Structure formats: structure tokens, C-alpha cells
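I opened a new notebook page for this structure. I wanted the overall build of one chain before any detail.

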Amino acid sequence: MYPAAFEYLAPSTFEEAIELLERHGPGAKLLAGGCSLVPLMKLRLAQPTHIVDLGRVPDAAGIREEDGVLRIGAMTREADLVRSAAVVGRYPILVDTCSVIADPTVRNMGTVGGNLVHGDPANDHPATMMALRASFVALCASGSRIVPAEEFFLGLFETALGPAEILTEIRIPAPVPGSGGAYVKFERQVGDFAIAAAAAWVRLDGDRVADASIVLTNAGPTAIRARAAETVIAGRVPETMTLREAGEAAREGLEPWPDLRGSRDVKRHLAGVAVERALRAAVGRARDDGGDRV
Amino acid sequence: MSVFGSSVLRVEDRRLLLGEGEYVDDVRVPEALHVALVRSTYAHARIRGIDVSAVVGMPGVVAVETAATLGALNGPHPHPTWFPPAKALLDRVKPTLRPEVIRLLADGKVRYVGEPIVAVVATDRYLAEDALGQVVVDYEPLPVVVDPELSLAPGATLLNDDWGDNLAAHFVIRAGDADRAFTTADQVVRRRIAMPRSTPTPIENRGVVALPDRRSGGLTVWSSSQWPHRLRDALEQVLKLTGGRIRVVAPDVGGGFGVKSMVYPEELLAPTLALKYRRPVRWTDSRRENFVSGTHARDQIHDIELALRADGTIMGLRDRFLVDAGASNVECLVCPYNSAAHLPGPYRIPSLEIECFTVLTNKTPNAAARGAGRPEAVFAMEGILDAAADELGLDRVEMRRRNILRAEEMPHDHGILYRDGVPLVLDGGDYLGGLEDALEALGFEALRAEQALLRGQGRYLGIGVAGYIEGTGVGPYESARIRVDPSGQVIVAIGPPSQGQSHETTFAQICADGLGVAMEDVRVVQGDTAVLPWGMGTIASRTAVVVGNAVGIAARGLRDKALRAAADLLEVSPGDLRHENGRITVAGSPEVSMRLGQLATRVGPGGGRLGEIGPGLEEHAGFQPPTVTFANGVHACAVEVDIETGQISIRRYVVSHDCGRLINPRVVEGQILGGLAQGLGAALFEELVYDEMGQLVNGSLADYGMPRATDMPPVVVLHRETPSERNPLGIKGVGEAGGIPVAAAIVSAVGDALRPLGVDISTCPLTPARVLEQIAAARSRTA
């Protein structure tokens, strides 16, 4: 658990960081909170030649809602997100998600951007960001572009980011009337990765579901949409049996990898339960007239 | 006023909580060389060759060592922690035992993944690790055996070619007429109950620093050890360096739980290399190494049966159990015999026949860990009691009530020997009373009613109860040397080191009372063979009992000595003197007095008077218990199981225990809660999983579930204090007790919750996946 030698670089702007990535090529790795990269280095599964630490880039972290968009700086620590006045009360799904990521010690270091760009299907933010239809700001030498969350996760540990491109900001549409979201995770114990988890977002029109996104964590090579479950509830009154049907639909064709957290059957079963319970909580929040929130 | 029995704050906390403790890795020695180890990636293989040519000349690399370069020093040496049990036990039980050996580095063959093969020695650890990847070991893979039953089967691959099989130890113990009990029983109930392999996982991994001493030609060795004196003895043997030239120190130790009670190859290797190079050499375990290099725990399979009367009375117990010792049975019969001897537990068992097979497999050696065979025994016994109650149609709690021993039955002879060769006679306590205490605090009757109500609503509440006994305070003996210095400060030197047991607090309490000084004036020094050359380990819930009583005896002895010396100096009769709060006064003449420090000066060489008490104001005394003394108790809990997710929530947990007189109730409670946390790990999270190639699949803290603060349920701890009659202070040990019945109680509760579904659980940990699988299996059985 002793990393191989590397050079440590601490740029003071994103632009400088991009220049360093280009200069040092594939051996250079960005360091955000270090919660994924550093363990890999200690096991020598990753042996970067250069570490480009984003910790000293000003304004890389921060949370604010403006013009109907919640903007989260990629270097925002999980602990700051979960305590943010802009988030608490208005984005309970983010609080759900954030508070089940690892443990408080990790959340003090771990960043929202790092959780996303690692491309680990076991991480919790990807499903929630997809369910909320978030988009990501990606910066490279030629400028910035916006990538929808749904198009960002390409495969296991693989994202749409180019080799010298940095995720700088996460943008989430602000809650609209009748909307609600929730994230439900089943884990062996606090701090563990999910056996199964689901993010659900719904918008109600009267009694009926006008729109919904349901996304599963750790059920495939990336976070994956449970489209069949979305179809089940579309236009219907989200009663207990309907939600159960949605959970059942989410299991169809699902092929999670068996591991020590659970067999394929167990994971498939729990994914369905997570969908059902996340939907129930999301619908509850959507119905609650305590103001717009997700 | 007595400080014995009061919850004074821990003396060691300030240092430890401020980060001012000194653990092995904090010990600074100049110009130390660092060892990194090439460990076997195969579970079973011959080593055809080792090519280190690419390493020679790498930056910082000073040497590369193999079995060949170490020669005779590499061994095989008799294994320092393999020693047979007491002669009385050998004579009566006549176990089959195969002696074990230890090698510093693997020689010709590896038998588990993680076995050290090559030591790379460099000027820093990072450079040493860089070089590891360049060592090429040419393995010839051999068949691998990971299943202990297959290991016993004819034709199994052999771990030791000269053994002819893989049976490391075998014995049978008997009491009463079990055959008759089973042929005349109204009902016989059988189960296979298994407790899987786990690892104790202290926060501080192992580590060793060896510093050659130029003047003596010897060594000072710091090791994160529960038993520095045994390491000293082992080093003297291996290095053939005697005459007090090897000093072993266990500094602050960040948890032991048994894993640091062994002597390991690395602990012999670093000192050997330090002598060879005449330079300090150090090695610190990484967490990843610790998963395969530190001893594992549990891993027993019991085929257990009870002979019963229709009313639930137990007539006889039979058990045939396997202990998977891994690649080397490093502690002989410690866990196997502990399991056997503790199986009857707090219950009335008129006849028994227990047969044990301790078997080698291609896994990391398995040895004692907190409870050392007892949690496994309790798990098997409580499991079969549940099965018996269910099959007889009795309430599971009523089943215990009918069979647990009562105060009027004490002392009770289980009819077998304890591991020390002395008849296992339970020495007092009200076990039934303890059970009733636990049930009352749990709110048992109300919970049973609620359970029925909730079942109607599709909710699954369960109640679990598990009783245990623990032989604590095993001998042979310990000693304490107490000295008063001229300032009046009292120094208590003891052998075994603390790994969290609060020695600096509790032994100061005992000394303060015995000697008659303020606790603040007492300093306890420990775990250093130069401070006290005699000592067994801080293991087996023994230190409070054996060291504590030695401290008490030495303190009272020193008090008498002080009075005799003062009487001599003041020219009065000792009977006229009083000693209180560090001051000796003459009865009736309060103006004539002498502080203890003044007396120390007067009888010290500087004071110039060698009196009849001998040099200095000092006493060295020992205590030898007649045999162990039995702590006991009952744990009871209520859990609710979400049958859709397999998640278990523990609503309430009650510990009712009796560890004799409490030196410090807060320390006792800490021990119990710490043990409980580890038991919770066993019940819900912890299992080391090997694949069929003998690879550890989950050897990291990302994969292996450890209990965390957030996993702890609300716990009520109830004390009963039945003084032990086997030592002057009336103490029984408590270091392990907290963890012994926890898995049994929780698994019993989960089983109780899921009974309506036909679930019958006989293993752990109960992860959500395992609970769901048990429910699915029960449903497919009943479908």
C-alpha cells in the first residue's frame, strides 16, 4: 500500500491544469478528493507519473441556484453539498444521495465531480444526476461544452471526457411544481457501496404521473435508466400496486454482476425494491405542498 | 478511601486521545533499513526458483534475502506458539498432536497466499516496494485444498508431505454416559452449524523495529505484540543469543484481539537481519498484507446434536466439529479445546461426547481471536437449543430456563477438564438469575406479545437469547514489581502490555489501595522485558485476574515492608505504625511521621542503610490462580427484519453479565461494548471468503465488512458481582466476554423473527443477501 513515485503538480487555474494534462499525456491524472484515485495508487493499480491537484483552483467549488439552475462546482466536497442552504429542503434527493456516500470522513474529502468522473457504476451521484436530468460543463483547451448526464457515462470507468478535458460544473434544473425526487440505497452496512440503489424523479399532474426518470446504481457497467419502470407509471396514479409494478418492471432484463454483496438474483430483486421505495418517497415529496423541491 | 470499584478516568486517555501515544511505527531509530516482502500469490506451490537479479542495484536496495541466504537461521524452528496443553490433560484426553514449525521465509514450498518468500531490504519502504515487482518467483502450482472436509478425505493434497494426511490435531472428550442418553431420549435434534472465517483487524497493524546494541552484541526489539516476553524467548532461541541481551518492548499497541499473541515470521526476520547487517531494520504491516499475514479466526463446522426429554430437559450433547486451522496449526489446542470445553456453557448437561478434528488447508493460519473458540461453541450450542425448542414446540426462552444452571447448583462440575488440566468446575454465580435480569430489561413478555401482533401486519420481530461462560484468568502465574522512589512516586512494573485494556488505570487503582497511596502517585510500566523480565501475554481475559492479584499482593507486601523499615528507623514497633496516603505515622504521636518518599531515600543506597527489607523500598510478588475462574452471562436482543430487503435492525440489546468484582465499572463497560461491536461484526458483516484456488477474495476494508460506530444498537449493560473465590480480589476476566454470545444472540433473534417463513439459520454473517437467500430457500422448501 505504498504508491509508486509520481510528480505532484498544483495548478492555480483549470486552464493551467488542462495544459499540464496535455503536456504530460496519459500518465497525468487529475486529483480531486482522492477518495478513489489514492486507494488505487496505494494498491499500485494506478501508477500515474504526474498528479495534477485541482485543490488549489479558486472557485472550483461552490453551490448556487440562479436562473432556474442549481450550479455545483465540480470540486464541491460532499460534506459541503449535504449541508448547503441552497440544497437542504429544496433538493432532498441530493441529501438522500450524498448522505449515503461512504462515511463522514470520506465525505469531508470526496467531491461531487470526482464521484462522477470516476465512472464507477457503484458511485451514487451518477444515477441521481441522470434522474434529475443534470448536465455537466466540460472544459478543454478549445473551450467548454455541455454534456447531458445521460450521455456522460459510456462504460465501466469510462466517461465522455476527453484526455485533457475537465468537468468543472454540474447543472441541475431547479424544481418545478409537482416534482419530487428520492434516492434509496441498500447496502451491507453504512459506508459500503450499494447492493442496489435507485434514484427516482417524478412530476405529477394532479393525481397522475406526468413525467418520470428512474435510474439504477450498480446494476450494470454504468448507472442505467429503468425505462420499463418509467413506462409503467407514465400517466398513471402512483398507487401502491402501480409502484410495485414499476419495481417489477425495473427487474426485467437487468443483469447486475454477482459479487460478495449479492447474487444476480438478490441484486435484481433489491433493485426492484429500491425503485418501488424511491418512487414512493419521490411521489410523497411531489404531493407535499411544502414548496417546490426534488 | 478505596479506588477499587470506582470509575476513575483512564490514565492513558490523555496521551492516546491527543495523538501522543507511541506505536511501533512511531519509534524512531536512525538509519533504519526497511523490509518489504514478496508474498506468495499461490495458495499451494513448489518454488522452483527465485530470480532477484533485476533487483540488485535498484535505487536504495541494500540486500535481498531468501531462505537460501538466511541458511540455518531461516529454520525450520519449533513453532514458538505451538505448545501442548497441560500434562494432566494430555494424560487423560490423549489428543493426537502434530508439532508445528516456523520458517522466516518460505523454503521450497508455499502453503497459503501471503506466505513470505523474499525480503527486499532498502533504505526506505517505497524503494523496497518498487523492487518487489522485479523479483521473479518460479512457482510450480500444486493442487489446492480450501475445504476442511475435503482436506480430511483420502487422496487430498498434503500440506506437509511427511504427515501423510492433513490432520493437525484430534481429540475426544467425554462426560457421563452419552450413548445411553441418546438411546433413551424422547427426542434427538441435530444440526450442522458453522461459523465462518474472519480476522480480528486491529486499527494498528503489526510491526517490528530491531535495533542492534553495540555494547552487548544484542538487540532491542519493538513489536506490536500482546506477548513481548514470548517473542523475546523465541528470538533467544532462533538467534542463540541469551544472557539478557535481547530486550523486547511492546509500546502502545493499537488493538490486539489475539492476532498479536502469535510470534510471526516477520518478527523473527527483522531482528535476524538487524544482527546480520549491524543496522536497525524495520517492517510495518500494510492493511493489505495484514489480511493475509495476520492470523485469522473462527472457521469451525459443528455437527451437533442433543438428546432431550419431551419437556426440553437436556440428557446429552454430542458434537463432532472441524476447525479449519489454515496452513499451520500455530497454537496447538488453544481454540479447538476451548471450543470443546465451553460447549456445555451455562447449561446442565449430564452427558457429553465431543470430538474435534483440527485440519490444515491452504489458507492463512487460523488462531485465537477475542473469545478464542468460545464464540464458535456458543454459536453451535445456542443454535441447537433453538432447534430443540422449535422441534419440541417449546418457547426458545423457556428451553433455556429449564436447562440453565441455578445458584443452588454451584459449584457445578461439567465432568471434563479445562485446558489447564484442572477439572472444569463452575465457581459460583446465579446463571438463571442473570437470564431473568436480561429478559426483564429487554421487556421479553411485552415483546412476545408485540411479535404476535406485528406478524399479523406482515412485520417480523424476533427475540434472541444466548448464554455463555468463560474460563478467565488462566495461569500459570504473573508477577508485579512495585518500587517507591525518593519523590514518593510508586512505579508498578508488570509483564503483559496493554492493547486497550486500561492497565495504567486499573492496576494503579489496585496498587493505590493495597499500598495506601493516592492513585495519582502510581505509574504503571508494562510490556518491556527490561522492566520486568517475566510475563505471559495480555490474552485470554487473564491480565486483570492474574496480574491484578499479583499487584495487590505486591502492594500489600510493600506496605508491610515499609512499616517494618520505618519501625526500624523510628525505633518503634511496626504494630504502632499507620500508613495512609503516602505517610507513615506513629499511633498516638501524630507529630512523628515520615513520608513514603523519605523512607525510600533512607533505605536506598544514597540513604546508606541496607536494612532487613533488602535494597530499596521495593517488592516483587507473584500470583498463581488454582485454575480459571468463570465469568458468565446472558445476552438478549430484539431485532426486526425487513423481509423485502433482508435488512436487520436491532431494536434493543441487553447484556447481563457477571465478571466478579469490578475494578473499574467504566472500563468493564468499555470492554463489553468493544467486544459487542466485534460480535456484531461476526453476526452481520465479517466473513473472509476464499475461492477454490485459495485466493482471498475480499482482503481489503472496501470489501470486508467491519462494524462501525453507526452499526451499534442501543445497549443496556447489567452487572452482577459474584466475587471469585479463586483469587484474593474476587475478580473474573472480562476482556473477551462481550463478544462471545453476540453472534449467537443476534442470529437466534433473526431466526425467531423469520420462523413463520420456515427459515432455519445455522450460519453467519447475516448480510442482507444471505437473509434474502434464506427466505427464498425456505419458500422453495415449503412451496
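**Entry: the model.** I noted at the start that this is a predicted model.

**Entry: chain B as a whole.** I looked up the secondary structure and found 20 helices and 31 strands in chain B. I then took the extent of the chain: along the principal axes, its C-alpha atoms fill a box of roughly 90 × 75 × 50 Å. I checked the radius of gyration against the rule for a compact globule. For 783 residues the rule gives a value near 28 Å, and chain B has 28 Å, so the two agree.

**Entry: burial and contacts.** I looked up how much of chain B is buried, and the share is 58% of its 783 residues. I also looked at contacts with a separation of 6 or more in chain B; residues 24 or more positions apart account for 81% of them.

**Entry: α11 and α19.** I picked one helix pair in chain B, α11 (residues 374-392) and α19 (residues 742-754). Their axes are 8 Å apart, at an angle of about 25°. Angles under 35 degrees count as roughly parallel, so α11(B) and α19(B) are roughly parallel to each other. I recorded the crossing of α11(B) past α19(B) as right-handed.

Which residues of α11(B) and α19(B) make the contact? From α11(B) I listed Pro375(B), Val378(B), Phe379(B), Glu382(B), Gly383(B) and Asp386(B). From α19(B) I listed Ala743(B), Ala744(B), Ser748(B) and Gly751(B). Sorted by class, this contact has 5 nonpolar, 3 polar and 2 charged residues.

Conventions:
Residues are numbered from 1 along each chain as its sequence is written. Chains are lettered from A and ligands numbered from 1 in the order in which they are written. This is a predicted model: local features need pLDDT of at least 70, side-chain atom pairs count only at pLDDT 80 or more; totals for chains, interfaces and linings use all residues. Helices (H or I, at least four residues) and strands (E, at least two) are DSSP runs, numbered from the N terminus. The radius of gyration is taken over C-alpha atoms; the globule rule is 2.2 Å times the number of residues to the power 0.38. A residue is buried if 20 or more other C-beta atoms lie within 10 Å of its own, exposed if 12 or fewer, and partly exposed in between; C-beta atoms are placed from the backbone. Two residues are in contact if their C-beta atoms, placed from the backbone, lie within 7 Å. Axes are lines fitted to C-alpha atoms, for helices over the stretch in contact, and angles run from 0 to 180 degrees between N-to-C directions. Angles under 35 degrees count as roughly parallel, over 145 as roughly antiparallel, 65 to 115 as roughly perpendicular and the rest as oblique. A crossing is left-handed if the near helix is turned anticlockwise from the far one by less than a right angle, and right-handed if clockwise. Ala, Val, Leu, Ile, Met, Phe, Trp, Tyr, Cys and Pro count as nonpolar, Asp, Glu, Lys and Arg as charged, and the others, Gly among them, as polar.
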